[in-house]
Amino acid sequence: MTTQTTDIPPAERGERRSWLQEHSELGVCALLLVLGVLVLTDALTMDVDIAQRGPVGPKTVPVVVGAGLLVIAALLAVDVLRGGRGQAETGEDVDLSEPADWRTVLLLAGVFLGSAVLIEPLGFPVAGALLFWGAAFALGSRRTDRDPLIAAGLSLLTYVVFNNLLGVPLPGGPLMGVL
C-alpha cells in the first residue's frame, strides 16, 4: 500500500518539508559519497603496467582522493545530523537580493565552448588568446587596445610553460613551426 501526499495530514507534510530544509546539506554529503565511490571504483579497476617503478603508482592519488571524499562525506553527515549548519553568504561585494547575471554566465560559457572547438584547428596559442580575451570582455573589460595583447602574451606564456618546460604537449596549430 502506497502513501500518497494527499493521505498525509498538512501539518505532517510541513514537518517533513521543514526537516528536509533544515538538513539540506545532506545533499552535499550524498554527492560527495557518490563521487568518492566513483573515484575509488575507477581507481581500483585501473589497469596498471607491470613495469611500474616504486611503491607509488597511478592508483595512489585517486585512491587517496576517493577515500578522502568518503571520509569528508561521513564527517559532514554526522555534523549536519548533530545540528551543524553552513554559514550564510556574507560577501560584502555581493548583493544576494539581485538576480544572477545570466548574460555574463552565457558569454563565459560561449567563450569556453568556442575555445574548446577552436583549439584543434587553430592551436592552443590562438584559441587560448581568444579564451583569455573573451573572458576579460565577458567580465566587463572594454580595453580593446590592451586586452588582446595581454591575452596573446598569457596564451603564449602558458603554451611555452606547458609544452616546453613541463613536457605537456599542446596543439600548436599554424604556429607549430614558429614556436
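Colleague: Which helix is included in what covers the buried residues of H3?

Modeller: This is a predicted model, in which local features need pLDDT of at least 70 and side-chain atom pairs count only at pLDDT 80 or more, while totals for chains, interfaces and linings use all residues. Residues are numbered from 1 along each chain as its sequence is written, and side-chain values use heavy atoms, with hydrogens and water left out. Helices are DSSP runs (H or I, at least four residues) numbered from the N terminus, and contact means heavy atoms within 4.5 Å. On that basis, what covers the buried residues of H3 includes H2.

Colleague: Within what arc do the buried residues of H3 fall, seen down its axis?

Modeller: With buried meaning under 20% relative accessible area and exposed over 50% (1.4 Å probe, protein chains only), the buried residues of H3 are Gly-66, Leu-69, Ala-73, Ala-77 and Val-80. Taking the directions from the helix axis to the C-beta atoms, these residues line one face of the helix, because they fall within an arc of 70°.

Colleague: How far does H2 reach from its first C-alpha to its last?

Modeller: The expected span of a helix is 1.5 Å times one less than its number of residues. Helix H2, residues 26-44, has 19 residues, and its reach is close to the expected value, at 27 Å.

Colleague: Which helix is included in what covers the buried residues of H2?

Modeller: In H2, the buried residues are Cys-29, Leu-32, Gly-36, Leu-40 and Ala-43. Seen down the axis, they fall within an arc of 65°, so they line one face of H2, whereas Leu-31, Val-34, Leu-38 and Asp-42 are exposed on the other side. What covers the buried residues of H2 includes helix H3 (60-81).

Colleague: What is the relative accessible area of Ser-155?

Modeller: Ser-155 has its place in helix H6, residues 147-165. Not counting residues up to four places away in sequence, Ser-155 touches Phe-124, Pro-125, Gly-128, Ala-129 and Phe-132. Ser-155 is buried, and its relative accessible area is 0%.

How values were computed: Helices (H or I, at least four residues) and strands (E, at least two) are DSSP runs, numbered from the N terminus.
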